[in-house]
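Dear colleague,

I am handing over the structure below, and I would be grateful if you could look through it with the notes that follow. They begin with the cavities and then turn to one of the sheets.

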Amino acid sequence: MARPIEFACRDACAHLSTVKNLDRFVSEQVIGELGARLHPRALEVDLLSLRNLFVDFHAGLTPAEQQHRLMQALQLLRRLQEGPPVIHAPGRTLKVREPVYSPTGNNPERPPLDAPIQFAKGVGPKRALLLKRLGIQTIEEALWTLPWRYEDRSNITPIAKLVLGTTACICGVITRTEATRARSRRLSILDVAVQDATGTVHAVFFNQPYLEEVLKEGTRVMMAGRVVAGRRGWMDLRLEPAQFEVLSGQDDELLHVGRIVPIYHETKGWTSCQMRMVMQGLLAGHGAEMEEALPLSIRARHRLPPIGEAIQQVHFPLPQTDLAALDRGVTAAHRRLAFEELFLLQTAMVLRQQQVKQEDKPFRFSPHVPQLKHLSQILPFALTAAQERVWREIQADMATSRPMNRLVQGDVGSGKTVVALHALVMACGSGCQTALMAPTEILAEQHYLNLRPLLDAVGLKAVLLTSGGKAKDRQAVLAQLASGEAQVAIGTHALIQKQVTFAQLGLVVVDEQHKFGVLQRKTLFDKGYRPDVLVMTATPIPRTLAMTVYGDLDVSVIDMLPPGRKPVRTLLYSEGQRQKTWRLVGDELKAGRQVYIVYPLVEESEKIDLKAATQGAEQLQREVFPQAQIGLLHGKMPSAEKERTMAAFKAGTIQMLVATTVIEVGVDVPNATIMVIEHAERFGLAQLHQLRGRVGRGAHQSLCILMASYFPRESRPKVSAEGKPEANASNAQQRLAALVQSHDGFVIAEEDLRIRGPGELLGLRQWGLPEFRAANLVRDAQLLELARQEALAMVTQDPGLALPQHQAVKAAMCRRWNGKLSLGDVS
């Protein structure tokens, strides 16, 4: 670039008129250089500043202005050619080290990556509180806080070519500013006229009077914003500037415009613009020194760029990077950061799993106890092939000297509970006690009512322990558990409270773990127990989530329904089809069948929702089905009353049960053949599938009717020819359409994950899902598989991560996940 610029400057710029297309030539050279390799931040700024001097060089500048620009360009070129300043000392040459910010003050050193963010340049204590709202507390967390989208402000649009409704970036000189104040409202208006060689456009700023001192006449600026119509319509185009930069040759000159600009999440008092300025300083100070956590062999195998390059390119992408790929998070830089995050998590999971398997059980279970043989004789059905396979896997785990830590997945009605019953009987027959924990009191009571007769028949005593009930009865149950008189405890998470003690706890079965949050195994450890753990979930978990939330568990899947089960027909009705719904319900009641009517219940509107369910039951009894026996069930009822209601419904005394979502899991009434779900659009997809699973448990054809209260006829969920929801349908519409189209819980779970995303689908606190900064479980499913394979291979080769090449992995893993996953503490 130096040769044509120096030629143009020669002889007092006498040859300037002979130099053509200098603007395009410099732009191509700069973009080519930046795209070819990674440069230090300061060098990149100088190159972009050089390009910026020639953006409008041949677009109407006066010869004097062109000469001034050429002089500035020459100075920049000389600085680039000279490199960093040096100090000559006896026998050696030292590069000047740039002074850096530090909290200590004397002979400062750059703060380490794990230092609080307040010590980063431009932050301080007050701004650190704002960043904490965004989940940023350390310098490393700030560097890993990625933009959520990008805007391409690198293409300069001539003012004459601005198009109404588009977002554009312009470059020009301010020719006039006018500040006014509206009388009717307390509103200040600053009108700024910006001119380039092709025309003039007005940019308007509201309630920013201080800009009058910044945007003065003769100031050269870049502005990016939306092109809108003025008072005279499309004849009077104006710019709503989202960002502007005064082009003064400073280091951050092209930080907010004239490039692909990162857009970060904001909070009150902290903008994306401020985040870019802080990030620029962090990358200059720490980008080159970030420690490489991934072993070189893994990076080479998967063609992953170095960490410093990836962090730089994610925050400040090179010119001509694919904007769509940036927004989707699928560039090479994004892929590298997502892989590292997933790899470190999977390494932690594999190590936790390995740690559990290295423990010794203080007891042994025998697969040949007589109670198991007796159980198989009294069960009224044989296990399916899938149940047998999973039972063999559990039996093999329990018979070893290592603790079992297994997840059993199965669709609604696949028969997980009976498999768990076999495990309970094997443990109790071997001389240990067992605990079965359920997420709700109703489900705990249901398990107790269903399992107690079978346990009594094989000579085992079961007790029910929940947070409710009389104190005297509770004390009696606690005494039986402490003495060993009771072998099986069934209840809610009250089972692991401080006052509950077991004589010898050998097995814990957790039903629907995600309803509890992360399994409180540490509580059991603290009480001196080292039980086998069996986790059951009737909410099929997409493979990516299972590997993330349950990555430290062995997984078994019951993928077969008991014989004779017919798929439940699912219908989607609007409010206008309610009479048709009641006719279908009436037909089932006349045939001697039973019915569920389900109302939504959420914490935020609990009182209103309970009232709706109660009023719905009263209205049905009074106006629609006066001859039917209608019962009401909700979570706020006393335990004894809930138990009576469920027993009456199971016995057939109650024909119609109006309930809230307390019946979502575990309720088993084969004669119930129809379910009506009110306000179906308020439910999650997996939750709807769970509710639908309460019917279809007998030999008769069952029906599930989804009442969507707000869909007009023409906007009911649409599906494509392939049976998938249309892309432009709302989330609620897509959920309901997916449920109508599929009966497979695993297909539905994947669809729910796609529609809602992992954060909303699970709820971080509810499931214990790790919070990712770069990875996305929907987008990066394949990457997660690769990360899992690499983590397994590495830990197999080096079980304690003791080799030198794995020390960086170990350090990064502990720094990133130890506090969140309690590594080395709990499985």
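The largest cavity holds about 90 Å³ of space, in what is, please keep in mind, a predicted model. Counting cavities of 30 Å³ or more, the total comes to 6.

The lining of the largest cavity divides into 7 nonpolar and 5 charged residues, with no polar ones. Helix H27, which covers residues 807-821, contributes 4 residues to this lining, the largest share. Among the lining residues are Ala 808, Ala 812, Arg 815 and Arg 816, and the list also includes Glu 140, Trp 144, Glu 291 and Glu 340.

Turning to the sheet, there is an open arrangement of 7 strands in the order E12-E13-E11-E14-E15-E10-E16, paired in parallel. Because strand E12 (462-465) and strand E16 (554-558) stand at the edges with a single partner strand each, one side of each has no neighbour in the sheet. On average, neighbouring strands here are turned by 20° against each other, direction ignored.

Within this sheet, strand E10 (residues 405-410) runs parallel to strand E15 (residues 532-537) and is joined to it by 5 bridges; Leu 407, for instance, has Val 535 of E15 as its bridge partner. Helix H14 (residues 416-429) packs on the sheet, where it touches E10, strand E11 (433-437), strand E13 (488-491), strand E14 (505-511), E15 and E16. The direction of H14 makes about 165° with that of E15.

With best regards

Notes:
Residues are numbered from 1 along each chain as its sequence is written. This is a predicted model: local features need pLDDT of at least 70, side-chain atom pairs count only at pLDDT 80 or more; totals for chains, interfaces and linings use all residues. Side-chain values use heavy atoms; hydrogens and water are left out. Two strands pair if DSSP finds at least two bridges between them. Helices (H or I, at least four residues) and strands (E, at least two) are DSSP runs, numbered from the N terminus. Axes are lines fitted to C-alpha atoms, for helices over the stretch in contact, and angles run from 0 to 180 degrees between N-to-C directions. Contact means heavy atoms within 4.5 Å. On a 1 Å grid over the protein atoms alone, a cavity is a set of points where a 1.4 Å probe fits but cannot get out, and a pocket is an open set with protein on both sides within 12 Å along at least five of seven lines; lining residues have an atom within 4 Å of a point. Grid points are joined across faces, edges and corners, and a volume is the space filled by probe spheres set on the points. Ala, Val, Leu, Ile, Met, Phe, Trp, Tyr, Cys and Pro count as nonpolar, Asp, Glu, Lys and Arg as charged, and the others, Gly among them, as polar.
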